[in-house]
Structure formats: C-alpha cells, structure tokens
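Subject: Structure handover

Hello,

My notes on what was found in it follow.

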Amino acid sequence: MAYEANVQAIGTFTCNDATSERFRFVKSVGNTVVDPDDGGAVLGVLMTDDPVVGQAVQVQVSGIAMCEASAAISADAAVEVGADGRIETAGAGVKVGKALEAASGAGSIIPVLLATTYTKA
C-alpha cells in the first residue's frame with residue numbers, strides 16, 4: 001500500500017554518529033544528530049541515505065515516515081525507539097508514532113504516522 005502525506009523535513013543538522021542510518025530515529029545534540037536513547041525522546045527520522053560524520057542531513061519531523069523495525073510489530077500499534085533508532089512496540093518509553101502496517105521482523109521497513117507530540121507510554 002502506498003502512502004502520501006505532507007512531509008516536514010529539516011536539514012540544518014549534521015551527522016555526528018557513524019551508526020546512524022536512513023529510516024531510523026535520531027535525537028539532536030546541539031546542531032548534530034545521534035542515535036537516541038532506548039525509549040527516549042527523538043527529533044525525527046533520518047532521511048539521508050548512508051550519512052557520514054560531518055555531513056548535512058535531512059530529518060523528517062512530521063507526516064508519514066518509512067521506519068525500520070527492530071522486531072515484529074502489529075499494524076496500528078503505538079511504537080517507541082530502541083537505542084539504535086529502530087522502532088519497536090511501545091512499552092514504557094516515549095511514543096513516537098503509530099505503525100500503519102505490520103512489520104514481519106527486524107529490518108522490516110514500514111510506514112509510521114509520526115506523533116505530533118511525544119509522550120511516555
């Protein structure tokens with residue numbers, strides 16, 4: 001299924017973490033982006049393919065974003081992030097969005113409706 005939505009992306013950040021990958025959530029530290037804390041707050045989803053440290057990157061902060069799962073996720077489930085920026089079914093962490101399709105397992109890329117505000121589960 002295809003999804004279209006208005007997307008707000010910002011590109012004023014630089015990559016400061018060699019493990020950051022496209023379709024994974026990141027947090028900001030100053031004007032750089034790094035992997036988030038497990039279940040923690042985020043800036044948005046990294047949209048730059050194969051970023052390198054020091055490179056300017058685009059981060060999607062609203063709309064429907066393609067995101068990488070860390071495990072199987074049911075459609076319509078609330079999601080949070082793991083320490084590597086991949087999504088997982090929400091537990092006690094900050095809810096970052098809602099899975100619009102099911103993820104069959106780790107590495108699945110699925111559409112996620114990004115939360116407009118981030119709240120603890």
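Strands in these notes are DSSP runs of E with at least two residues, numbered from the N terminus. The model is a predicted one, and the notes should be read with that in mind.

Strand β5 first. Gln60 is placed in this strand. Is Gln60 buried or exposed? Its relative accessibility is 4%, so Gln60 counts as buried, the cut-off being under 20%. A polar atom of the Gln60 side chain lies 3.0 Å from the backbone oxygen of Ile64.

Next, the strands around β7. Strand β7 covers residues 78–81 and runs antiparallel to β9, residues 94–99, with two bridges joining them. Ala78 is found opposite Lys98 of β9. Strand β7 is also antiparallel to β8, residues 87–89, and here three bridges join the strands. Val79 has Thr89 in β8 as its bridge partner. The hairpin of β7 and β8 has five residues between the strands, and Gly85 in this hairpin takes a positive phi near 90°.

Salt bridges come next. As a general point, side chains of opposite charge can pair when their charged atoms come close. How many salt bridges does a search of the whole structure find? The search finds six. One of them joins the side chains of Arg24 and Glu68, at 3.0 Å from N to O. This pair links distant parts of the chain, 44 residues apart: Arg24 is in the loop between β1 (8–15) and β2 (25–29), while Glu68 is in strand β6, residues 64–68. Both Arg24 and Glu68 are buried.

Glu68 also meets the side chain of Arg86 in a salt bridge, with an N to O distance of 3.7 Å. Because Glu68 lies in strand β6 and Arg86 in the loop between β7 and β8, the pair ties together parts that are 18 residues apart in sequence. The relative accessible area of Glu68 is 11%, so Glu68 is buried. Arg86 counts as buried too, because its relative accessibility is 18%. Glu68 and Arg86 belong to a network of salt bridges that links them with Glu21, Arg24 and Asp84.

A further salt bridge is formed by the side chains of Lys27 and Asp37, at 3.1 Å from N to O. Lys27 lies in strand β2 and Asp37 in the loop between β3 (32–34) and β4, so this pair ties together parts 10 residues apart in sequence. Asp37 has a relative accessible area of 46% and is therefore partly exposed.

Last, two backbone angles to check. Most residues other than glycine have a negative phi. Asp50 is not a glycine, yet has a positive phi of about 50°. Asp50 is placed in the loop between β4 (44–46) and β5 (56–62). With a relative accessibility of 61%, Asp50 counts as exposed. The C-alpha atom of Asp50 is separated by 6.3 Å from that of Glu21, a residue 29 positions away along the chain.

Asp76 likewise is a residue other than glycine with a positive phi, here near 75°. Where is Asp76 placed? Asp76 is in the loop between β6 and β7. Its relative accessibility is 52%, so Asp76 counts as exposed, the cut-off being over 50%.

Regards

Key. Residues numbered from 1 in each chain as written. Predicted model: local features only at pLDDT ≥ 70, side-chain atom pairs only at ≥ 80, totals over all residues. Heavy atoms only, no water. Helix = DSSP H or I, 4+ residues; strand = E, 2+ residues; numbered from the N terminus. Buried < 20%, exposed > 50% of the residue type's maximum accessible area, 1.4 Å probe, protein only. Polar contact = N/O pair within 3.5 Å; in protein donor to acceptor, adjacent residues only side chain to side chain. Pairing = 2+ DSSP bridges. Salt bridge = Lys/Arg side-chain N within 4 Å of Asp/Glu carboxyl O.
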